[in-house]
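Here are some friendly notes to read alongside the model.

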Amino acid sequence: MASEDVKRSESAVSTIVNLAEEAKIASEGVKVPSHALLSICKSLVAGGVAGGVSRSAVAPLERLKILLQVQNPHSIKYNGTIQGLKYIWRTEGFRGMFKGNGTNCARIIPNSAVKFFSYEEASKGILYLYRQQSGNEDAQFTPLLRLGAGACAGIIAMSATYPMDMVRGRLTVQTEKSPRQYRGIFHALLTVLREEGPRALYKGWLPSVIGVVPYVGLNFAVYESLKDWLIKRKPLGLVEDSELGVTTRLACGAAAGTIGQTVAYPLDVIRRRMQMVGWKDAASVVTGDGKNKAPIEYNGMVDTFRKTVRYEGFGALYKGLVPNSVKVVPSIAIAFVTYELVKDVLGVELRISD
């Protein structure tokens with residue numbers, strides 16, 4: 001009996017050992033996501049959250065800006081920031097203030113995710129090439145290099161999500177009195193594809209890319225350079241233990257947004273007008289009541305610029321600048337700070353290693 005019990009025990013132990021070895025072999029075949037992959041995912045999530053939060057916070061101003069940019073100069077309905085917001089509230093209510101925000105978030109979340117991730121990756125690549133070219137392995141980032149990295153990030157993000165931006169612009173300018181041509185994001189995309197062709201989804205792409213170079217480039221360059229300067233100089237006690245407070249970072253983001261949007265704004269007006277070309281009843285959609293319709297006849301970026309200045313003056317290139325400034329300053333500030341806070345929570349190293 002004792003010998004049988006021993007044999008049973010040895011058999012059980014042998015079985016357990018075999019199962020353990022099989023489990024080990026199986027586990028070796030399962031690859032755990034690498035640190036690099038997790039870092040990429042966290043960076044994309046942080047960028048997406050930053051974009052969604054920042055744009056939703058200023059959605060009414062974003063809609064008013066676009067309406068001011070494209071409205072018929074012969075039938076002015078939106079005349080300034082306060083009057084424009086009151087008019088939207090009176091005629092369309094609360095929902096009108098946020099019309100197009102769903103499409104905007106659907107566009108800006110992947111756009112922001114790609115933009116922030118692309119900036120970090122471009123920064124690493126540009127810094128590496130700069131060190132190789134200069135022969136100085138300890139070379140640090142300069143504002144010009146940051147501008148280049150930001151420009152690369154802006155071009156990549158804009159190109160990847162441009163069709164969503166195009167239909168968002170059209171959805172945004174629809175009013176309650178306008179012909180209801182688009183019922184939502186997908187309906188707008190399908191309608192444009194069916195009636196105007198695939199190329200129509202990229203109307204205004206060229207001025208957008210040209211404008212995004214100084215806009216996004218300056219945003220990142222000014223923000224990062226201001227942060228570095230404050231950390232090194234520590235003026236007015238704004239820096240504690242080599243860290244900037246949330247308020248100081250918001251101020252840096254606000255400065256970056258103000259400079260970037262002022263430089264690039266005329267190109268934003270041009271692209272919005274180009275996006276309206278080819279849209280049936282676009283003039284009545286813009287004016288809202290169908291009166292004094294003027295055909296929108298733009299043939300490319302240069303033609304749009306020339307006709308805008310000829311018929312409306314240089315001031316037309318800055319239509320909607322005030323609500324855009326009120327929108328962009330907090331939007332950019334919130335985006336940068338939200339991105340950094342989310343990355344801190346997710347445990348992602350934020351700064352580029354030397």
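1. A word on exposure comes before the residues: buried means under 20% relative accessible area, exposed means over 50%, and partly exposed is in between, with a 1.4 Å probe and protein chains only. This is a predicted model, in which local features need pLDDT of at least 70 and side-chain atom pairs count only at pLDDT 80 or more, while totals for chains, interfaces and linings use all residues. Residues are numbered from 1 along each chain as its sequence is written, and side-chain values use heavy atoms, with hydrogens and water left out.

2. Let me begin with Gly184, which counts as partly exposed because its relative accessibility is 22%. Gly184 sits in the loop between α6 (143-173) and α7 (185-196); helices here are DSSP runs of H or I with at least four residues, numbered from the N terminus. Thr103 is 81 residues away from Gly184 in sequence, yet their C-alpha atoms are 8.0 Å apart in space.

3. Is Glu92 buried or exposed? With a relative accessible area of 11%, Glu92 is buried. This residue belongs to helix α4 (residues 81-97). The side chains of Glu92 and Arg63 are joined by a polar contact of 3.1 Å (a pair of N or O atoms within 3.5 Å; within protein, one must be able to donate a hydrogen and the other to accept it, and residues adjacent in sequence count only if both atoms are side-chain atoms).

4. Now the cavities: each is a set of points, on a 1 Å grid over the protein atoms alone, where a 1.4 Å probe fits but cannot get out, and lining residues have an atom within 4 Å of a point. Points are joined across faces, edges and corners, and a volume is the space filled by probe spheres set on them. The count is four cavities of 30 Å³ or more.

5. The largest cavity has a volume of about 380 Å³. Its lining has 28 residues, with Arg55, Met158, Tyr215, Asp268 and Arg271 nearest the centre. Two or more lining residues come from each of α3 (59-70), α5 (101-134), α6, α8 (205-233), α9 (246-276) and α12 (321-346). The largest share, seven residues, is from α9. By class, the lining has eleven nonpolar, six polar and eleven charged residues (Ala, Val, Leu, Ile, Met, Phe, Trp, Tyr, Cys and Pro count as nonpolar, Asp, Glu, Lys and Arg as charged, and the others, Gly among them, as polar).

6. The second largest cavity holds about 150 Å³ of space. Of its 14 lining residues, Ser112, Lys115, Phe116, Ile332 and Ala335 lie nearest the centre.

Conventions:
On a 1 Å grid over the protein atoms alone, a cavity is a set of points where a 1.4 Å probe fits but cannot get out, and a pocket is an open set with protein on both sides within 12 Å along at least five of seven lines; lining residues have an atom within 4 Å of a point.
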